[in-house]
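Reader: Could you take me through the inside of this one, up close? I'd like the cut-offs along with the description.

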Amino acid sequence: MQPPVRNRLLRHCEASDFARLEPHLVPIQLDLRQSLISPNEPIDQLVFPESGFVSIVTGRPGRQTEIGLIGNEGVVGAVPVLLAGDRTPDAHFVQAAGHGLSIGVEALRAATEASKSLEKLLLSFIQTLMIQTAQTAYANLSHTLDTRLARWLLMCQDRLGGSELAVTHEFLGIMLGVQRSSVTVAIQMIEGNQLIRARRGRIEVLDRPGLEAAAGDSYGLPEAEYTRLIGDSTV
């Protein structure tokens, strides 16, 4: 029987593993731009998003770029905490508002130490997140901006479950590590192919298969790995 939660990683837990976690899970609101993990600060809790999603961003202020996205398929803070660390140089903040379930670091570590199946599940997620980060580096080096934008929109849609995303050109520039003017040109190219509709502060996906074709091999590898290791990769 699946636990009564929306986070898909928790839903893939064995019943006994979820029972270990459940007493320690605390419902929280995830507000837009809320910082969940600050760079180089001790981590005291992890978050299983139920809705919305979180960006992992690296670099100095003014020169930041996104290297990962975590929505209801995963858990925020797993990499440093479960790989024997207590902090990370990367910022983790809410990019799309929603809700989540938080758990203290020590409670999660105790649960994974008591259960090999839970440890394996969480390490499997870490594997998919590391592949996502590597795929981001590949896309940044090997693909045009419009291809990278198509990939990013698909990843956001996977985590939101709807067709519309609230985002500004300026913020997209930060996420993709480029100037706002370059983002505007890339959006116009994709919109010209009738794959999306862009309005002030919003982008609507009109043609998901067409957007996947536009993203090419920059999209799909982490998603396939999630399905292989854990189960369903999308809502």
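Author: Let's start with C156, which is buried, at a relative accessible area of 1%; buried means under 20% relative accessible area, with a 1.4 Å probe and protein chains only. C13 is buried too, at 10%. A search of the whole structure turns up zero disulfides, a disulfide being a pair of cysteine sulfur atoms within 2.5 Å.

Before going on: this is a predicted model, where local features need pLDDT of at least 70 and side-chain atom pairs count only at pLDDT 80 or more, while totals for chains, interfaces and linings use all residues. Residues are numbered from 1 along each chain as its sequence is written, and side-chain values use heavy atoms, leaving out hydrogens and water.

Now the largest nonpolar core: it has 38 residues, and L9, L10, L21, F48 and F125 have the most contacts inside it. Such a core is a set of buried Ala, Val, Leu, Ile, Met, Phe, Trp, Tyr and Cys residues joined through side-chain atoms within 4.5 Å. Helix α5 (residues 116–142) gives the largest share, six residues; helices here are DSSP runs of H or I, at least four residues, numbered from the N terminus. Another core, of 30 residues, lies apart from it, with L154, M155, L165 and V183 among them.

Back to L9: leaving aside neighbours within four places in sequence, its contacts (heavy atoms within 4.5 Å) include F48, L121, L122, F125, Y226 and I230.

How values were computed. Buried means under 20% relative accessible area, exposed over 50%, partly exposed in between (1.4 Å probe, protein chains only). Helices (H or I, at least four residues) and strands (E, at least two) are DSSP runs, numbered from the N terminus.
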